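Please open the model in a viewer and keep the sequence panel beside it.

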Amino acid sequence: MKEKDYNHIAAIEKAIAEKYGGETVQNPKANWDEEKEKEYLQQMKEFYDKNQKNSATQDKINVNGIKVSKKLLNRESLKTCSVCNSLSRKAKDDVYLMKFECCWKCFERYVDGREERWLKGWRPNN
Ligand SMILES: [Zn+2]
């Protein structure tokens with residue numbers, strides 16, 4: 001088995017221990033029989049299935065190459081373009097959002113070469 005798999009099982013064991021009490025994951029020799037092993041494997045399977053399901057149903061959005069759950073994105077801290085309301089998706093957008101409160105597309109369209117007008121508060125919506 002790969003090291004990663006061992007780590008994964010350790011994480012599952014920890015979660016099961018937290019849910020069902022430490023006895024479940026004690027040294028098998030100490031307090032173990034076929035019945036318990038079956039139960040343990042079943043719990044492990046359920047836990048794993050649940051985890052799989054959760055990660056599959058969770059809405060993820062790709063932001064700057066990083067998968068972020070929609071929940072996180074709903075936070076106020078997230079920047080959107082003040083002109084077209086699009087979400088910052090690229091590092092390039094972040095730069096223009098910080099500087100001009102608009103994405104790079106809107107920058108090219110409305111700001112580039114007319115920075116002064118923009119900085120004075122002109123917006124295409126007004
Ligand atoms: Zn925009």
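A disulfide is taken here as a pair of cysteine sulfur atoms within 2.5 Å. By this rule, the count in this predicted model comes to zero disulfides. In general terms, a disulfide is a covalent bond between the sulfur atoms of two cysteines.

**The whole chain**

Begin with the cartoon view of the protein. Its secondary structure comes to six helices and two strands, and along the sequence these follow the pattern α-α-β-β-α-α-α-α. Colouring by accessibility will show that buried residues make up 21% of the 126 residues. Among the contacts with a separation of 6 or more, 25% are accounted for by residues 24 or more positions apart.

**The zinc site**

Which residues coordinate the zinc ion? They are Cys81, Cys84, Cys103 and Cys106, each through its SG atom, at 2.3 Å. Along the chain, these donors follow the spacing C-x2-C-x18-C-x2-C. Cysteine 81 lies in the loop between helix 3 (70–73) and helix 4 (91–100), whereas cysteine 106 belongs to helix 5 (residues 104–111), so the pair ties together parts that are 25 residues apart in sequence.

Why is the arrangement of the four donor atoms tetrahedral? The angles that they subtend around the zinc ion are 105 to 117 degrees, and four donors count as tetrahedral if all angles lie between 85 and 135 degrees. For comparison, the ideal angle for four tetrahedral donors is 109.5 degrees.

Now display the surface around the cysteines. Cysteine 81 has a relative accessible area of 0% and is therefore buried. Cysteine 103, with a relative accessible area of 5%, is buried. Cysteine 106 is buried as well. With neighbours within four places in sequence left aside, cysteine 106 is in contact with Cys81, Val83, Cys84 and Val111.

In soluble globular proteins, nonpolar side chains tend to be buried together.

**Two residues with positive phi**

Move to asparagine 85, in the loop between helix 3 and helix 4. Its phi is near 65 degrees, a positive value in a residue other than glycine. Is asparagine 85 buried or exposed? Its relative accessible area is 57%, so asparagine 85 is exposed.

Then select glutamate 101, which is found in the loop between helix 4 and helix 5. Here, too, phi is positive in a residue other than glycine, with a value near 60 degrees. Glutamate 101 counts as partly exposed, at 47% relative accessibility.

**The segment after helix 6**

Proceed to arginine 123, located in the segment after helix 6. At 19% relative accessibility, arginine 123 counts as buried, since buried means under 20%.

Tryptophan 122 is placed in the segment after helix 6 (115–119). With 30% relative accessibility, tryptophan 122 counts as partly exposed. Its contacts, leaving aside neighbours within four places in sequence, are with Tyr110 and Arg117. Drawing a distance between the C-alpha atoms of tryptophan 122 and valine 111 gives 9.5 Å, for residues 11 apart along the chain.

**Helix 2**

For the last stop, select phenylalanine 47 in helix 2 (residues 34–57). Phenylalanine 47 counts as partly exposed, at 25% relative accessibility. Not counting residues up to four places away in sequence, phenylalanine 47 touches Ile12 and Ala15. Phenylalanine 47 is also 9.7 Å from glutamate 13, C-alpha to C-alpha, with the two residues 34 apart in sequence.

Technical notes
Residues numbered from 1 in each chain as written. Predicted model: local features only at pLDDT ≥ 70, side-chain atom pairs only at ≥ 80, totals over all residues. Heavy atoms only, no water. Donors = N, O, S within 2.8 Å, 3.2 Å for Na, K, Ca; no water. Tetrahedral: all angles 85-135°; square planar, octahedral: opposite > 155°, others 65-115°. Helix = DSSP H or I, 4+ residues; strand = E, 2+ residues; numbered from the N terminus. Buried < 20%, exposed > 50% of the residue type's maximum accessible area, 1.4 Å probe, protein only. Contact = heavy atoms within 4.5 Å.
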